[in-house]
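Keep the structure open as you read.

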There are 2 protein chains.
Amino acid sequence: MKVGIIGAGSIGLLFASYISRSYEVTIYTRTENQASQINENGIILQKKAERTVSLVKALPISKWKGTEDLTLITVKQYQLTPVLEIINQLPEDPDNLLFLQNGMGHLKWLKELKNKNIFVGTVEHGALKENAFTVSHNGEGATNVAPFRGDFSFLQNFSAAVPSDFPIHVQEDYYSMLMNKLIVNAVINPLTSILHVKNGELIQNEYFFRVLTSLFDEISFILNLDHPEEHLRQVMEICKKTAENRSSMLKDIEANRLTEVDAILGFILEEANKQEKQAPLLENVYHFIKGKEPVKGGVL
Amino acid sequence: MKVGIIGAGSIGLLFASYISRSYEVTIYTRTENQASQINENGIILQKKAERTVSLVKALPISKWKGTEDLTLITVKQYQLTPVLEIINQLPEDPDNLLFLQNGMGHLKWLKELKNKNIFVGTVEHGALKENAFTVSHNGEGATNVAPFRGDFSFLQNFSAAVPSDFPIHVQEDYYSMLMNKLIVNAVINPLTSILHVKNGELIQNEYFFRVLTSLFDEISFILNLDHPEEHLRQVMEICKKTAENRSSMLKDIEANRLTEVDAILGFILEEANKQEKQAPLLENVYHFIKGKEPVKGGVL
């Protein structure tokens, strides 16, 4: 099976490195420069003290024809629009696309695509792009994937062959899979970023925990959660398990980069709007983060 | 006229320094050590390049008899309870007390006092305590005072004689005087502290400004403001005029000190509670700040 990977950020490089052990991978980069660097050096995966080099073919995105059997789209949600335009302009529609964005705001765009099989996934790995061709895998996790439209068995076949130290679990219900991740992200990411604290502080500090529960209650009401207590327990467990971690949004804010706040909170705010529900806390938290992003940051 | 000053923090030292030019001042300190340092060195007032030494008598608070013609109480609101106990235990009730705390939560305590004339005031000076007997006057402003109960003319006589570079304006309506200050403090102090920004950023950053207006609207609704647009304009003007300043609460948070959040937001949250109004933003902002205060910080 041939696999294309769109985007050579931390997630793109991580997937290319692992998946190229099982499949023939081509990675598509934004710049020609990054493509040549990957072709020259391979992709270097750094995991604790271990370094692995994978020889992966790289091309600039302009060369993508969509002829691979499966294409993973690994760019962030706020970079998705130009990729979707490219997909729509390909001479032949690729059959199998797997979208690995955070959030759920992009689902409405995926509905418009003409491709046969559209899959979505959530990534629980910690990865840091060190340079154009090197990625650190510093948090082991799993990938969950599910059909948004189309062929469940294709995903099963694909995931069955990936290396066992890079598991991909196939789920049936894409909506609850994305929703679970969204709720966790919507609570932990913005609050840790506003407060400049590690994940664990949200449950260790009694006052921050009260903010966490108020925000969660608002989200739960907007999303009409059936079992809010289970979702809250999941949020708290993840705060505990990753107590010493800085969330990806906090890292983005500290590095003065764009965040994924539109992907993560945008969908919930749209839902509130559609249902004519008030979302005072979410709106405030959203504006706190937007105001911290670099100026002219908003892509959406 | 003899004037007593309770508390030798930045505001106590500042008032002692200026007022001792017109009146015979005794300053009462928390510790014996600070009293001896002031008796030895005088109070040094640093204003830009100029240093002025005022010889002021200092005594530890345990020696206060309440025999001065007027006593200024300059401790923070969260330090007020023990001072009120001392006042109630004096053998003779002092006639004239002037309370210079931020917030309005302490008014309910002042009602209980038996003293004849009770005055309240707001201080708009920037002052920093450099050591036990030195204060920097780094922001020139004014003091507003008004009778909470009793004799207006006494205040007028007192304020008429203070040095002209340290003006004290006598107001008739203590409630609107304190309320004006409270609203400004309730918006600017907590937001600058959460966001770690100077006052000006709250109106320069479009997202932060949206948070500011949402919070203001909530406060305005709780306090049943007659002319909210005037109060909002005042908040914005102060952000503009003090654009390069860090608010006192931000400085407290940065120095890991207790803040005045209970004095400032506590009263408004109590009002919300009494009127059974929702205050989701205020509550969140309150918890953000409380969680940032040093542990075991809460005195109230």
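Helix H11 of chain A covers residues 261–274, and its 14 residues should span 20 Å at 1.5 Å a residue; the end C-alpha atoms are 19 Å apart, so the two values agree. The expected span of a helix is 1.5 Å times one less than its number of residues. Helices (H or I, at least four residues) and strands (E, at least two) are DSSP runs, numbered from the N terminus. This is a predicted model, in which local features need pLDDT of at least 70 and side-chain atom pairs count only at pLDDT 80 or more, while totals for chains, interfaces and linings use all residues. Residues are numbered from 1 along each chain as its sequence is written, and chains are lettered from A and ligands numbered from 1 in the order in which they are written.

Which residues of H11(A) are buried? They are Val261(A), Asp262(A), Ala263(A), Ile264(A), Leu265(A), Phe267(A), Ile268(A) and Ala272(A). Here a residue is buried if 20 or more other C-beta atoms, placed from the backbone, lie within 10 Å of its own. Their cover includes helices H6 (174–195), H8 (206–222), H10 (248–254) and H12 (280–292) of chain A. Just after H11(A), Glu276(A) has a positive phi of about 55°.

Now to the chain as a whole. Chain A holds 12 helices and 12 strands, and 44% of its 300 residues are buried. Its radius of gyration is 19 Å, which agrees with the value near 19 Å for a compact globule of 300 residues; this radius is taken over C-alpha atoms, and the globule rule is 2.2 Å times the number of residues to the power 0.38. The C-alpha trace spans about 50 × 45 × 40 Å along its principal axes.

An automatic or database domain assignment gives the domain bounds: domain 1 of chain A runs over 2–172 and domain 2 over 177–292. Their C-alpha centres lie 26 Å apart, and the contact takes 13 residues from each of the two domains. Residues are in contact if their C-beta atoms, placed from the backbone, lie within 7 Å. On the domain 1 side, strands S8 (117–123) and S11 (143–149) of chain A each supply at least two residues.

Strand S8 of chain A is also the place of Ile118(A). Ile118(A) is buried, because 21 other C-beta atoms lie within 10 Å. Leaving out residues up to four places away in sequence, Ile118(A) touches Leu97(A), Leu110(A), Leu113(A), Phe148(A), Arg149(A) and Gly150(A).

Between the chains, 15 residues of chain B are in contact with 16 residues of chain A. Helices H6 (174–195), H8 (206–223) and H12 (280–292) of chain B each give two or more residues to this side, and H12(B) has the largest share, 7 residues.

The table sets out two contact sides by class, with Ala, Val, Leu, Ile, Met, Phe, Trp, Tyr, Cys and Pro as nonpolar, Asp, Glu, Lys and Arg as charged, and the others, Gly among them, as polar.

| Domain 1 of chain A, touching domain 2 of chain A | 4 residues | 8 residues | 1 residue |

Conventions: Buried ≥ 20, exposed ≤ 12 C-beta atoms within 10 Å, placed from the backbone.
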